[in-house]
Every structure is written in C-alpha cells, then in structure tokens.
Amino acid sequence: MHGSPHIVSDVMTPTVVAVGRDAPFKDIVTLMEQWKVSALPVLEGEGRVIGVVSEADLLPKEEFRDSDPERFTRQRRLADLAKASGLTARDLMSTPAVTVHADAALAEAARIMAQRKIKRLPVVNDVGLLEGIVSRADLLKVFLREDEDLAEEVRHEVIDRLFPLSADHIQVEASEGVVTLTGWVESTGLVPVAERLARAVEGVVDVRCHLAQASARSEEWSERR
C-alpha cells in the first residue's frame, strides 16, 4: 500500500518544541501556552529524549498549593507530591519517555497512546534522538483523504491485484470514507482478503462488500430476464 500515509513519519510534525532538563517551571508553562501544546519532550546532549513533561505533571503544584494532605493521600500520591515541589523539568518530567519510531505503523502509535493514556508521542530514531512529534490529531488526518483517492487506491492496490481477470467487472465507490465493492469475481475465495485489505487502507472508515461469483451473478441475471 504505497499511496496511504501508513507510518508515523508520514503524519508527524518534524518541528518540535522541547526543553532541557534544567528548564524552569514557569518557562515550561510559557512554552506550552505559546505553542498550544499539552506536553514537551525533555532533551539532553545532542537531542536524546530522556523524558516528557506534560500538563498533568505541572498540575500538582496548583492542586497542593495550600493544602496539607492527610497521611493516606500522601502515601497514595507520593509522585504527585514530589512534583508539586518541583522547580525544573528534571523534577517534573515523566521518565523514561514513552516514544515511537518514525517507521512505526500508525496503528502502533494509536495503541501506545490509548494504552498509556497520552495525547502526544515524541518520535525518535534508533539511538533515541528526537525526530518529530505525533499527536492524536495527526493520526486522525488520514480520515481527511478524499473519497476519490480512497477509491483509486482500493482499485489499484486491492482489486487489480487480487482479481486481475474480473477487475473490469468490479465497481469501487467511496462516500464519506465508506468504500463499497460491487460486482462479480471468478472466485469468492479471495473476497474476505479483499475486504480486509480495503479496510486496511488508511482513511477508510468502513467497507461494504457485495462481490459475488460470476456463475451466481449469471443465474441472477437469467432469473431477472
């Protein structure tokens, strides 16, 4: 599938706002507000990602500003209480950083975000150097593809390859991201495969498959006559 944006590098933002481990609390807040982001990678050396500081890491300072938590809360939220007194990215960041590689599939990035309940992932190379950032919004961009593009990719990458003998008898349509396959094929053995591959095209919302075997379609036509 060469037409689809199907790996992280296809949708990531290569320009990333990041901070060093000694960045002060207020500078971190200022950068988040200025760039309208909810998290910042923390870097050291030549750009190796060592952690991420997010809005969630900063909130304990406000939450515990004028409170003296009871013993149970102190025991249960030791990490948050430590961050409440943090002054720099070193004190505040979550580490090790949850990252993803540029050649990872979009589905892998989506699973990581869902499992770890995070909104943004630093994109790193094989030695951990920052290459970009990918967000939930970036992953959803694939659903902005035009219906015409989706239909064309399904036609060339799925139908033409799986059904070379009957491709001319198969109609591929897309509407609001839903792809519909209609027509007849020489054998229905590959129909489930076609449906699965069409669904795997990035940007496809759903697939409706109405492919029948040629003989069955011929009998249907005969009955109608």
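Glu 176 counts as exposed, at 69% relative accessibility (buried means under 20% relative accessible area, exposed over 50%, and partly exposed in between, with a 1.4 Å probe and protein chains only). The place to look for Glu 176 is the loop between β7 (170–175) and β8 (178–185); helices (H or I, at least four residues) and strands (E, at least two) are DSSP runs, numbered from the N terminus. Glu 176 also has a positive phi of about 55°, although it isn't a glycine.

A word on what you're looking at: this is a predicted model, where local features need pLDDT of at least 70 and side-chain atom pairs count only at pLDDT 80 or more, while totals for chains, interfaces and linings use all residues. Residues are numbered from 1 along each chain as its sequence is written, and side-chain values use heavy atoms, with hydrogens and water left out.

Back to the backbone. Most residues other than glycine have a negative phi, and most peptide bonds are trans. Lys 117 is another non-glycine with a positive phi of about 55°. You'll find Lys 117 in the loop between α7 (106–116) and β5, and at 69% relative accessibility Lys 117 counts as exposed. Then there's a cis peptide bond, running from Thr 95 to Pro 96, with omega near 0°. Pro 96 belongs to the loop between α6 and β4 (100–101).

Lys 117 turns up again at the largest pocket. There, Val 52, Ser 54, Ser 94, Lys 117 and Ile 118 lie nearest the centre, out of 18 lining residues. The elements giving two or more residues to this lining are β3 (48–54), α3 (55–63) and β5 (120–124), and α3 gives the most, with three residues. The pocket holds about 420 Å³ of space. Here's how that is worked out: on a 1 Å grid over the protein atoms alone, a cavity is a set of points where a 1.4 Å probe fits but cannot get out, and a pocket is an open set with protein on both sides within 12 Å along at least five of seven lines; lining residues have an atom within 4 Å of a point. Grid points are joined across faces, edges and corners, and the volume is the space filled by probe spheres set on the points. By class, the lining of the largest pocket has eight nonpolar, four polar and six charged residues (Ala, Val, Leu, Ile, Met, Phe, Trp, Tyr, Cys and Pro count as nonpolar, Asp, Glu, Lys and Arg as charged, and the others, Gly among them, as polar).

Now for the charges. Side chains of opposite charge can pair when their charged atoms come close. Searching the whole structure turns up 10 salt bridges, each a side-chain nitrogen of Lys or Arg within 4 Å of a carboxyl oxygen of Asp or Glu. In one of them, the side chains of Asp 22 and Arg 90 meet at 2.6 Å, N to O. Asp 22 lies in the loop between β1 (19–20) and α2 (25–35) and Arg 90 in helix α6 (residues 89–92), so this pair ties together parts that are 68 residues apart in sequence. Asp 22 is exposed at 52% relative accessibility, and Arg 90 is partly exposed at 41%.

Arg 161 and Glu 157 form another salt bridge, at 3.0 Å, N to O. These two sit four residues apart in helix α9 (residues 147–162), about one helical turn. Arg 161 is exposed at 55% relative accessibility, whereas Glu 157 is buried at 17%. Elsewhere, salt bridges that share partners join Arg 21, Glu 44 and Arg 48 into one network.

The charged end of Lys 61 sits over the ring of Phe 25, 5.1 Å from its centre; the rule asks for NZ of Lys or CZ of Arg within 6 Å of the ring centre and within 35 degrees of the ring normal.

Finally, a couple of contacts across the sequence. Thr 182, in strand β8, is partly exposed at 30% relative accessibility. Gly 20, in strand β1, is partly exposed at 33%. Gly 20 and Gly 51 are 31 residues apart in sequence and 9.8 Å apart in space, C-alpha to C-alpha.
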